[in-house]
Amino acid sequence: MRIRFKLDGQDVEVDVKHTDTLLKVLKDKIGVGSVNFGCGEGSCGACMVLINGRLRYSCLTLAGYVDGKEVTTVAGLARDGELSEIQKAFLENDAAQCGYCTPGMILTAKVLLEKNPTPSDEELFDALAGNLCRCTGYIPIINAIKSVAKR
Amino acid sequence: MGVKGEVAKLRGRGIAAICYPTGMNLGGDPSQTVIVAQPDGTFVVNVASVELGQGLRTVLAQIAAEAIGASVEDVEVRFGDTQLAPHDTGTFASRTTHRMGNAIIKAGQEVRQILLDVASKILEVSPQDLEIRNGKIWVRGVPDKSLTVREVASQAQFVYNTPVVGKGHYVKPKSLVDPDTGESDPHSTMAHGCVVADVEVDTETGEVTVLQLVTVYEVGRAINPKLVEGQIIGGAVMGLGAALRETVYPRYPQLTHQTTSFREYVLPTAGDVPKIIYKIVESPTQTGPYGAKGVGEMVANGIAPAIVNAIYDAIGVQITELPITPEKVLKALREKH
């Protein structure tokens, strides 16, 4: 079937199977580089995107579901080539090593800070509980998010 | 335990020290590289090593820039295609900074010599009278009349028809055991570290909470201290996961019973990370590139032993199998009583 949706502000139209996941379509059919396959079952957060502003695992979302909706990847957070505040904070705090978890971490942080601009440690840890990282030990990521929360 | 009046939560402190060799040894561990100047006078360092988040792209560029005399922003490290780069044994054994770094120094020195030879033609002086550093070449004592490394590298190709290419290799020579004394020189360098773990053990539930990890690592020379810090923190949390949570067992009665997802193979998440204090100690090794040793694995390896010892300090039982699950702690406590 043919679906149309907005991807990071651009209109896209793509043929998909009923069983295709959004992750597969974004990655393999459209060539989006910032959604990653980690576990394929919603445990790790590497595939996260925003669908109409809500945080979703693209590995657990059927592509047909986003027909007519807005999908935002981490690349869509930049405006006119300028990184968003949370993206800059990740850079400044060395919050990425291999970078595989980074898009999901940044999107999770963005959604958290929109809802709750000054999260407690507990709230921050709860929000990040669905995003696994193997390299950084989380501390630089936590520092990055806190640096934005403080501003 | 669990009896009214008894202390349910016990605290303990444990120490673990580590000596860690860099790279495989015994002569079987070569690394090779080729540095090629581009038409615009920048440099590409071709390596078959792999950047996987440890920061190799940055560290190797720093080493190449230092060896050539170029600006670090004019050096690009390319990796990921073994057909386009000479042989490297691999990215493992905490070896790449040390092994490939040494190879790059040799290649960089070849490039430096070519640049000095060409600059000596441009400036009509002997190459011995030239200095090269941080992207500039000048006659010794006359630093205000300098050429840029980029223009020299570019002119070498277009005006002097000189390919600006450097190749380098490194291998730790094989060392045989002396039959009389038993002596040998089995490793190229040793890095060192120490971990102190503070834990709290809940004797009712068996749960272990790591309160704090204090770590110190001797890394030879930290080519990029920020990246070493990243390795240390990441390694600490990986070690914490190995100590308390992560396992592929049980593999019985069938292999299909092993953990197959992150719901069963439980990685630490952001809220599981204790306070981590770290310090880098530098004691440059003669065999290393500018004194550097390997850091990658050592920073994960000392964590679990320190935690095991801290649990021993807290409850008087030595757990000998990882991960230290609440079940194992409770079982050990029961056997003790």
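Predicted model: local features only at pLDDT ≥ 70, side-chain atom pairs only at ≥ 80, totals over all residues.
Residues are numbered from 1 along each chain as its sequence is written, and chains are lettered from A.

**View 1. Overall form of chain B.**
Chain B holds seven helices and 11 strands (DSSP runs numbered from the N terminus, helices being H or I of at least four residues and strands E of at least two). Its C-alpha trace extends over about 90 × 45 × 45 Å along the principal axes. The radius of gyration of chain B is 26 Å, whereas a compact globule of 337 residues would have a value near 20 Å (taken over C-alpha atoms, with the globule rule being 2.2 Å times the number of residues to the power 0.38).

**View 2. The interface of chain B and chain A.**
Here 22 residues of chain B are in contact with 19 residues of chain A (heavy atoms within 4.5 Å). The two chains bury about 1600 Å² between them, with 64% of it on carbon and sulfur atoms (buried area being the accessible area, for a 1.4 Å probe, that two parts lose on being put together, summed over both). Phe262(B), Leu267(B) and Ala270(B) supply 30% of the area that chain B buries against chain A, more than any other three residues.

A salt bridge joins the side chains of Glu41(A) and Arg263(B), at 2.9 Å from N to O. Helix H4 (residues 225-244) of chain B gives the most to the side of chain B that touches chain A, with seven residues.

**View 3. The two domains of chain B.**
Domain 1 comprises 9-22 + 188-336 and domain 2 comprises 31-170 (bounds from an automatic or database domain assignment). Their centres, taken over C-alpha atoms, are separated by 38 Å. Each domain is represented in the contact, with 18 residues from domain 1 of chain B and 18 residues from domain 2 of chain B. These domains bury about 1400 Å² between them, 58% of it on carbon and sulfur atoms. The count of salt bridges between them is zero, while eight residue pairs are in polar contact, both at pLDDT 80 or more. On the side of domain 1 of chain B that touches domain 2 of chain B, strand S1 (9-21) and H4 are the elements giving two or more residues.

**View 4. The two domains of chain A.**
Chain A is assigned domain 1 (2-77) and domain 2 (85-150), whose C-alpha centres lie 21 Å apart. The contact draws 18 residues from domain 1 of chain A and 14 residues from domain 2 of chain A. About 1300 Å² is buried between these domains, of which carbon and sulfur atoms give 65%. Zero salt bridges are counted between them.

Conventions. Heavy atoms only, no water. Salt bridge = Lys/Arg side-chain N within 4 Å of Asp/Glu carboxyl O. Polar contact = N/O pair within 3.5 Å; in protein donor to acceptor, adjacent residues only side chain to side chain.
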